[in-house]
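Here is a short tour of one protein model and its ligand. We will look at aromatic rings to begin with, then move to the ligand and its surroundings.

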Amino acid sequence: MDILISGASVAGPALAYWLRRHGFTPTVVERAEQVRDGGYAVDFRGEALDVLDRMGILDHVLALDTEMGDAALMDGDGKQYATLPAVIFAGDLEILKGDLTRILYEATRDDVEYVFGDSIASLEEDETGVHVTFERGEARTFDLVVGADGLHSRTRALTFGPEEQFVRHLGIYTAVFSLDNYLGLRNTGQLYSVPGRAANIFSARNNTEARAALHFASGPLEYDRRDTEEHKRIVAERFADDRWQVPRLLREAAAARDFHFDANAQVEMECWSKGRVVLLGDAGYCAAPTSGRGTSQALIGAYILAGELAVADGEHTAAFAAYERQMRGYVSEHQQAGRAGAERFFMGTPTQEVLDMIAANAPEVSRAQTVRLKEYPASARVGSSPSGLTAG
Ligand SMILES: Cc1cc2nc3c(=O)[nH]c(=O)nc-3n(C[C@H](O)[C@H](O)[C@H](O)COP(=O)(O)OP(=O)(O)OC[C@H]3O[C@@H](n4cnc5c(N)ncnc54)[C@H](O)[C@@H]3O)c2cc1C
């Protein structure tokens, strides 16, 4: 079966990996011209590590662990008033998202067709398959199409309707960007927050670089999602009067080449599939960065979707229903956590006692959200080791 996947970030390449293992033929189309490197850090807990292990790439991910230690909460005068335990923000394992994408891409690129710099333009389904036109490439027909193209999914819009119907804004905007590690941070970070705004800076890539984030509270804003200069202006206006490192961070933001700005939002849908089209990861059930579970959901969703397609021998209606049954409860817990996280996000300056209590509960919270991973035997038709990676 030929399966088109839109999006080559986390969910897309992970699904491509598992589809190959089960004997399907995936093609991945990605709007970016090449693999998206770098970016902010994402963390994993419990069961997502299990999926990485089953894919044979856990060691590669561990080798790029940010190894983040506790971080410092700073006041406007640059004085530390509390310590934020790493277990609260870095999970069991933390890696730059671009590093994860690179590992997933390397593990699949020899057996999977990747098309960069293109996007689905239209989808038309009949009993023979889905007829797809692309912005650049030739039209093609696939048996199934998977939208793994993130919060603003084109696949979702073309199949289910405009994003306003499904995307719920959580009242926070976030900008993230790379910069020099000018504070000389060593596997740590500093955070600053005042009512309605927060900023942080963390070391990255063995302390040779840093990543900063600027968050502010706001209802939905009207802006052009592709106009980075407009995004920088919006952020600069919001933080114009802030202290601590914020004036410097705004200068760094103005010069940043990888400035990413978006709303913290969730995707809520009654059903994740329609006919031969199905959604995966943020495209179908984004839980928002405040949940800290989006990457885990994308990886686990990929594992389950491919496995259920294999069990159903490609009968997509049964497979999509089984995928959704297994994922629903897991996703709704994370979405609940994402909403609760957004409500707490700008709540004043926490005391050390409260932070230590949250840290002590973190492993319990993590375990409570575990999804049970079924065994899906790999197809005898294809090899079982990651293609572009050497072991260890
Ligand atoms: C600031 C920030 C911090 C985060 N921190 C964490 C964290 O600590 N832990 C965690 O688990 N999660 C975190 N997340 C969430 C996590 O990044 C996402 O949940 C995860 O990346 C979802 O993966 P995905 O593959 O579904 O979607 P995405 O990573 O959004 O990827 C979508 C891909 O589709 C491509 N695409 C988009 N449109 C098209 C199109 N029309 N055609 C082709 N390709 C297209 C995009 O270029 C991209 O490569 C964070 C998110 C943000 C923004």
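In this predicted model, the structure holds 19 aromatic pairs. Two of them are set side by side below.

| Pair | Geometry | Centre to centre | Angle between planes |
|---|---|---|---|
| F89 and F202 | tilted | 5.2 Å | 50° |
| F177 and F259 | stacked | 5.8 Å | 20° |

The pair of F89 and F202 links distant parts of the chain: F89 belongs to helix α4 (residues 86–90) and F202 to strand β14 (residues 197–204), 113 residues apart. F202 is buried, at a relative accessible area of 15%.

The pair of F177 and F259 also links distant parts of the chain, 82 residues apart. F177 sits in strand β12 (residues 167–179), while F259 is in the loop between α8 (246–255) and β16 (260–267).

Elsewhere, ring pairs join Y173, F216, Y223, F239 and F261 into a cluster. Y182 has a charged neighbour, with R248 lying over its face at 3.8 Å from the ring centre.

Now to the ligand. What surrounds the ligand? Its shell has 30 residues, and the closest are S9, A11, E30, R36 and K97. On the nitrogen side, a ligand atom is 3.0 Å from an N or O atom in the side chain of S119. The protein covers 89% of the 1000 Å² of accessible area that the ligand has on its own. Elements giving two or more residues to this shell are β2 (25–30), β3 (41–44) and α10 (294–311). By type, the shell divides into 10 nonpolar, 10 polar and 10 charged residues.

Notes: Residues are numbered from 1 along each chain as its sequence is written. This is a predicted model: local features need pLDDT of at least 70, side-chain atom pairs count only at pLDDT 80 or more; totals for chains, interfaces and linings use all residues. Side-chain values use heavy atoms; hydrogens and water are left out. A residue is near a molecule or strand if one of its heavy atoms lies within 4 Å of it. A polar contact is a pair of N or O atoms within 3.5 Å; within protein, one must be able to donate a hydrogen and the other to accept it, and residues adjacent in sequence count only if both atoms are side-chain atoms. Accessible areas come from the Shrake-Rupley method with a 1.4 Å probe; for residues, only the protein chains shown count as cover. Helices (H or I, at least four residues) and strands (E, at least two) are DSSP runs, numbered from the N terminus. Ala, Val, Leu, Ile, Met, Phe, Trp, Tyr, Cys and Pro count as nonpolar, Asp, Glu, Lys and Arg as charged, and the others, Gly among them, as polar. Rings of Phe, Tyr and Trp (its six-membered ring) pair if their centres lie within 6.5 Å; planes under 30 degrees apart count as stacked, over 60 as edge-to-face and the rest as tilted. Buried means under 20% relative accessible area, exposed over 50%, partly exposed in between (1.4 Å probe, protein chains only). A charge sits over a ring if NZ of Lys or CZ of Arg is within 6 Å of the ring centre and within 35 degrees of the ring normal.
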